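Please consult the structure alongside the text.

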Amino acid sequence: MSAATTRSRTARTPVPDRLCAEAVDLARAAAEEAAAPGVVGEHVAVVSEGDRVVTHFFECKEPGYRGWRWAVTVARASRAKNVTLDETVLLPGSDAILAPEWVPWSERLRPGDMGPGDLLPTEADDIRLEPGYTGEDEPPPNSAVSEVSQELADLVDAEDAELTTRPATTSRGSIAAVADELGMRRSRVLSRYGLHAAADRWDEAFGAKTPMAQAAPASCVTCAFLVPLAGSLRQAFGVCANEFGPADGRVVSLSYGCGGHSEAAVMPKPPKPTAHALDTMQVDEYPLRPARDSGSVPAEADAPTEDLGHS
């Protein structure tokens, strides 16, 4: 082996200082002083950090810190024989149990996480929402054009996680009152992105690609139990109103389907029963003696009989 190769390997992995590497007892005492009694385990490794700087690693027996190690760094001054303590820390090993990376609450939230009393704030610049029509910035009918009110714009700009007050009661006959009756007087409505995001979620849950729809005899667009939505989503979605269907009360795609389709298997009407041959609802009268004219032989002769000569 050449001298150049030896120097190159030495530069990459420096040999631990002998005196620092032998200071195991000093490192153990420092680790036991920093840790609780009985939690410092066996000496597992020694690593050279530089010239006359060495780190000793000890096993950690603390419950809940599996795979962690106590790291004690010692150093020695040039031409000195005394080894001094540098620092003592608890470090995770390659198989240590670590806490998961912190994720903001807005990214951790999943459908169904909200409970009674929970509040879910929305950002003022949420891409799923856009300003709605309230009628506040419209002039009254048959009047001069007035200045546009900035009350709604200020409310949207200042909206934060705090609760906002409801709009004041409007007078009957105003544009704002008409917007209230039509359900239009909202500060913000769904944007095109919000509509597309909702449509993607609904189509994934109850759409044409689901196994139920693939095996269905017909689609929801021809089902009598489908209640269409209002607005632009009416062209693609509705609400299932079949209590026996798998999507009862859910928003379903018009291309979705199930075995509960109203026209898939129509039961025939039951046949009308025929009239009874014997009327059991009426009482029949039976005489105690037969009538005189009920027999085949008349009771009296039709003509006088002739004397036949019998005695």
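In this predicted model, the face of helix 3 turned away from its buried side carries Asp25 and Glu33, both exposed (over 50% relative accessible area; buried is under 20% and partly exposed in between, with a 1.4 Å probe and protein chains only). Helices (H or I, at least four residues) and strands (E, at least two) are DSSP runs numbered from the N terminus. Local features need pLDDT of at least 70 and side-chain atom pairs pLDDT 80 or more, whereas totals for chains, interfaces and linings use all residues. Residues are numbered from 1 along each chain as its sequence is written, and side-chain values use heavy atoms, without hydrogens and water.

Helix 3 spans residues 24–34, and its buried residues include Ala27, Ala30 and Ala31. Viewed down the helix axis, the buried residues fall within an arc of 100°, so they line one face of helix 3; the arc is that of the directions from the axis to the C-beta atoms. An α-helix has 3.6 residues a turn, so residues three or four places apart point the same way. The buried residues of helix 3 pack against strand 1 (40–50), strand 2 (53–60), strand 3 (68–76) and strand 4 (83–92), where contact means heavy atoms within 4.5 Å.

Rings of Phe, Tyr and Trp (its six-membered ring) pair if their centres lie within 6.5 Å; planes under 30 degrees apart count as stacked, over 60 as edge-to-face and the rest as tilted. The count comes to three aromatic pairs, among them these:

| Pair | Centre distance | Plane angle | Class |
|---|---|---|---|
| Tyr65 and Trp68 | 5.5 Å | 80° | edge-to-face |
| Phe206 and Tyr256 | 5.5 Å | 90° | edge-to-face |

Phe206 lies in the loop between helix 7 (192–205) and helix 8 (211–214) and Tyr256 in the segment after strand 9 (251–253), so their pair ties together parts 50 residues apart in sequence. Both Phe206 and Tyr256 are buried. Tyr65 is partly exposed at 36% relative accessible area, while Trp68, at 17%, counts as buried.
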